[in-house]
Every structure is written in structure tokens, then in C-alpha cells.
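Good morning, and thank you for coming.

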Amino acid sequence: GEIYGHWIKGSGPELPFTTFKIADSTGHNLKYPRVAWNSFRNEYLVVWQQETAAGFLDSIGFRRVAANGGFPAPAGFVRQVNSPASPDVVYNIASDQYLAVWSEVTPQPNGIDIYAARLDYQGAVQTQVFPVRQKPDGQVLPAVTTNEQDRYLVVWQDDGAGNWDIYGQFLDVAGTQVGGEQAVAVASGDETHPGVVANGLAGQYVVAYQNAKADGEWVEARLFRGAQITPEVIEIAVGALGDNRYPAVGTHLSGYFFTYQWVSWEPGSVDN
């Protein structure tokens with residue numbers, strides 16, 4: 001497994017660049033890339049999960065990608081201990097730093113927990129790695145967003161209640177927790193695969209997730225106004241005719257944009 005990229009214009013048609021390799025590693029598989037745009041320096045930071053050829057989690061790697069297609073130095077690793085996995089990353093222009101999040105194995109009895117690190121524009125960890133959520137159950141698949149001012153919101157998939165739920169935690173620009181843990185989606189079924197985005201102008205955050213129900217997998221969302229979550233569950237894609245999976249959400253001035261995979265139950269159909 002290697003990491004590749006492709007340039008696409010915001011208005012639609014592709015730019016005249018070809019697909020290009022971002023990272024590889026002899027004897028390793030690189031998976032689950034995530035990317036953040038540095039709006040101050042007009043470049044990107046790409047992070048990924050790295051495994052050994054035998055399938056053992058090895059590290060979280062990163063590389064800078066310039067808007068002209070070059071690779072500014074340095075490239076390297078965010079984390080290389082405790083089997084780190086499933087990274088995400090966001091850039092905050094107010095602090096001129098990235099926040100990277102991931103899950104990793106913590107010595108018993110804590111199991112798998114969510115960790116984070118503030119990174120400078122070159123990808124170097126600032127101060128130290130710190131826990132976002134560290135309790136004796138399992139937390140995986142973190143996602144992170146920022147209002148590009150004074151807050152981050154980290155969300156993750158949590159099995160503390162005996163089934164998968166979605167929780168979140170606000171952090172300030174120093175990585176300090178702000179307020180208590182947020183219960184985003186805690187229904188009786190399994191809520192999984194969270195995605196999150198902030199709209200700084202509106203002072204809102206939206207968390208999308210996959211919800212397993214009797215009539216299939218739904219995609220739903222919850223809205224934060226500031227730090228307060230609204231009671232309504234927003235139905236993005238309902239079940240009954242197929243399964244809706246792996247949501248992602250983005251924002252623009254007039255609203256939000258959701259994507260997801262739909263798998264029809266019709267025999268012989270293909271994924272959409």
C-alpha cells in the first residue's frame with residue numbers, strides 16, 4: 001500500500017496534473033490517508049497509518065505537499081509507539097498549527113484510547129503527545145475539526161456502554177479540554193464512523209455518523225451551536241432499500257455537504 005494524490009479544481013474539472021505518489025515505505029503498507037490544507041502557506045499536510053508487511057500497526061507518518069506539487073522538507077512520523085492507527089488532521093490558522101489525532105494501545109487496563117498532538121507547519125510535535133480520551137474501554141476512528149479560532153472538536157467511536165456510540169471533546173488551541181465529554185449519538189444500536197466539520201462563521205459544528213438500525217444502516221448527523229448540542233437527530237440517508245455507510249461532511253457559506261457510500265440490497269447490484 002502506498003499513498004497517492006491527484007489535483008482537482010474546486011470548480012470541478014481536474015487540473016492538468018497527473019496522479020502522483022506522496023509516500024511509500026519498503027516492507028510496509030500505508031493506509032487511511034487524511035489531508036489538511038495550510039491556508040497560510042498554501043500547502044498541505046498528509047498523514048497516514050503505517051503497518052508492517054505482517055499487518056502490525058507501526059506508526060503514523062506525515063508528508064508536506066506544496067500547492068505546486070513539490071514536497072517541502074521534512075517528512076517523517078507523528079507517532080511510532082503503541083500501535084497507532086486511524087489518524088486525522090486539521091490546520092488552525094489562528095494558532096498556525098495542525099492538530100493530529102489517532103487511536104493507540106494504552107497499557108492495561110485502559111485498552112485503546114484517543115491521543116492527539118499539536119504540530120508546527122513542518123510536522124514537528126509541539127510540547128508532547130497527550131490523551132483526548134483515556135478510559136477502560138475502546139475508542140477508535142477519531143475525527144477532528146477546528147473553527148480556525150480558539151476551538152477544536154474531536155469525535156470518536158466508543159464502546160464503553162457495550163455497543164458503539166459517538167462521543168466528542170472540545171479542546172482549546174493549547175490542547176486543553178474545554179468542558180466535559182460530549183455524548184453525540186448514544187442510541188441502543190451501533191453508531192460508528194464519525195465525521196465532523198466546523199463552520200466558524202456560523203459558530204456551528206456538525207457530526208455525521210453511521211447508525212445500524214433494524215432496516216439497515218442509516219447516515220445521521222447532530223448539530224452543535226457553539227458548545228451546545230441540539231436535541232434533533234438529522235436524517236441524511238435512511239435505510240430500507242440498502243445500507244448507507246462511511247459518511248463525510250464538509251461546509252461552505254450556505255450550509256453543509258454530506259457524502260456516503262450506498263450499497264443496494266438488490267441482488268447483483270454494485271456499490272454507489
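Let me begin with a definition: a residue is called buried when its relative accessible area is under 20%. Please also keep in mind that this is a predicted model.

I start with strand β12. In a regular strand the side chains alternate between the two faces of the sheet. In β12, Y152, V154, W156 and D158 point one way, while L153, V155 and Q157 point the other way, and all of them are buried. The strand is accordingly described as mostly covered, with 7 of its 7 residues buried.

Which strands run beside β12? On one side of the sequence is β11, which pairs with β12 in the antiparallel sense over 6 bridges. Within this pairing, Q139 has D158 of β12 as its bridge partner. The two strands form a hairpin with 5 residues between them, and E148 in the turn has a positive phi of about 60°. In the other direction, 7 bridges join β12 to β13, and these strands also run antiparallel. Here Q157 stands opposite I166 in β13. This second hairpin, of β12 and β13, has 6 residues between its strands, and G162 in its turn shows a positive phi of about 90°.

The arrangement continues from β13, residues 165-171, to β14, residues 177-185: the two are antiparallel and joined by 5 bridges. G168 faces Q182 in β14. Between the strands of this hairpin there are 5 residues, and G175 takes a positive phi near 90°.

I now return to the loop between β11 (139-146) and β12 (152-158), where N147 is found. Is N147 buried or exposed? Its relative accessible area is 13%, so N147 counts as buried, the limit being under 20%. Leaving aside residues up to four places away in sequence, N147 touches A198, G200 and Y205. With Y205 there is a polar contact of 3.5 Å between the two side chains. The side chain of N147 also has a polar atom 2.8 Å from the backbone nitrogen of Q149.

My next topic is the aromatic rings. How many aromatic pairs are there? The count comes to 6. One of them is formed by F170 and F224: it is edge-to-face, with 5.5 Å from centre to centre and 90° between the planes. Because F170 belongs to β13 and F224 to β17, residues 216-225, this pair ties together parts that are 54 residues apart in sequence. Both partners are buried: F170 has a relative accessibility of 3%, and F224 has 0%. Elsewhere, ring pairs link W7, F20, Y44 and F71 into a cluster.

Finally, I turn to charged groups placed over rings. The charged end of R41 sits over the ring of Y121, at 3.7 Å from the ring's centre. Likewise, K213 has its charged end over the ring of W218, 3.8 Å from the centre.

To close, I would ask you to keep two items in view. One is β12, with 7 of its 7 residues buried, which is joined to β11 by 6 bridges and to β13 by 7. The other is the pair of F170 and F224, which ties β13 to β17. Thank you for your attention.

How values were computed:
Residues are numbered from 1 along each chain as its sequence is written. This is a predicted model: local features need pLDDT of at least 70, side-chain atom pairs count only at pLDDT 80 or more; totals for chains, interfaces and linings use all residues. Side-chain values use heavy atoms; hydrogens and water are left out. Helices (H or I, at least four residues) and strands (E, at least two) are DSSP runs, numbered from the N terminus. Buried means under 20% relative accessible area, exposed over 50%, partly exposed in between (1.4 Å probe, protein chains only). Contact means heavy atoms within 4.5 Å. A polar contact is a pair of N or O atoms within 3.5 Å; within protein, one must be able to donate a hydrogen and the other to accept it, and residues adjacent in sequence count only if both atoms are side-chain atoms. Two strands pair if DSSP finds at least two bridges between them. Rings of Phe, Tyr and Trp (its six-membered ring) pair if their centres lie within 6.5 Å; planes under 30 degrees apart count as stacked, over 60 as edge-to-face and the rest as tilted. A charge sits over a ring if NZ of Lys or CZ of Arg is within 6 Å of the ring centre and within 35 degrees of the ring normal.
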